[in-house]
Amino acid sequence: MPNTTPAGEPTHSWLITLQFPIRNGFAVVTRHGSSVLQPGSSRERAYLGIRDYLARREPELADADVLFFSLESYRL
């Protein structure tokens, strides 16, 4: 998932907290970033894109459970 538009400004920011198993229990991580979403795109499509992006960067997060997800407009 790209982090900025060609012009340099994302359209949305996101925050996700994930839990995944480790040897003696579970680990919890929070990741954040910004994305470019096309007009008419859905929140589900954005969520799936973010999950795919994180799984490529950190394979241990591919099957993690989502504890929290937020997607908001980049501009206030």
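In the predicted model, helix 1 has 15 residues, which at 1.5 Å a residue should span 21 Å, and the separation of 21 Å between its end C-alpha atoms agrees with this expectation. This helix belongs to a protein chain whose secondary structure comes to one helix and three strands, arranged along the sequence in the pattern β-β-α-β. The buried residues of helix 1 are Ala-46, Gly-49, Ile-50, Arg-51, Tyr-53 and Leu-54, and the cover over these buried residues includes strand 1, strand 2 and strand 3. An α-helix has 3.6 residues a turn, so residues three or four places apart point the same way.

For the protein chain as a whole, buried residues make up 33% of its 76 residues. The accessible surface comes to about 5,300 Å², and 52% of that surface belongs to carbon and sulfur atoms. When contacts between residues at least 6 apart in sequence are considered, 64% of them join residues at least 24 apart.

The largest nonpolar core has 14 residues, and those with the most contacts inside it are Trp-14, Leu-18, Phe-20 and Leu-54. Two or more residues are given to this core by each of strand 1 (12–22), strand 2 (25–35) and helix 1. Trp-14 is buried, since its relative accessible area is 4%, below the limit of 20% that defines the buried class. Once neighbours within four places in sequence are set aside, the contacts of Trp-14 include Arg-31, His-32, Gly-33, Ser-34 and Ser-35, together with Ile-50, Tyr-53 and Leu-54, and also Phe-69, Ser-70 and Leu-71.

Aromatic rings form two pairs in this model. Trp-14 and Tyr-53 make an edge-to-face pair, with 6.4 Å from centre to centre and 80 degrees between the planes. Because Trp-14 lies in strand 1 and Tyr-53 in helix 1, this pair ties together parts that are 39 residues apart in sequence. Tyr-53 likewise counts as buried, its relative accessibility being 12%. Tyr-47 and Phe-69 also form an edge-to-face pair, in which the centres are 5.2 Å apart and the planes are at 75 degrees. With Tyr-47 in helix 1 and Phe-69 in strand 3, the pair therefore ties together parts that are 22 residues apart in sequence. Tyr-47 is partly exposed, with a relative accessible area of 24%, and Phe-69 is also partly exposed, at 23%.

Gly-33, which was named above among the contacts of Trp-14, lies in strand 2 and counts as buried at 18% relative accessibility. When residues up to four places away in sequence are not counted, Gly-33 touches His-12, Ser-13 and Trp-14. Between Gly-33 and Ile-50, which are 17 residues apart in sequence, the distance from C-alpha to C-alpha is 9.1 Å.

Beyond the helix, Glu-58 is found in the loop between helix 1 (43–57) and strand 3 (65–73). Glu-58 is buried, with a relative accessible area of 18%, and a polar contact of 2.8 Å joins its side chain to that of Arg-31. Arg-31 is also one of the residues in contact with Trp-14.

Terms used: Residues numbered from 1 in each chain as written. Predicted model: local features only at pLDDT ≥ 70, side-chain atom pairs only at ≥ 80, totals over all residues. Heavy atoms only, no water. Helix = DSSP H or I, 4+ residues; strand = E, 2+ residues; numbered from the N terminus. Buried < 20%, exposed > 50% of the residue type's maximum accessible area, 1.4 Å probe, protein only. Polar contact = N/O pair within 3.5 Å; in protein donor to acceptor, adjacent residues only side chain to side chain. Core = buried A, V, L, I, M, F, W, Y, C linked by side-chain atoms within 4.5 Å. Contact = heavy atoms within 4.5 Å. Phe/Tyr/Trp six-rings, centres within 6.5 Å; stacked < 30°, edge-to-face > 60°. Expected span 1.5 Å × (residues − 1). Areas by Shrake-Rupley, 256 points an atom, 1.4 Å probe, with all protein chains shown as cover.
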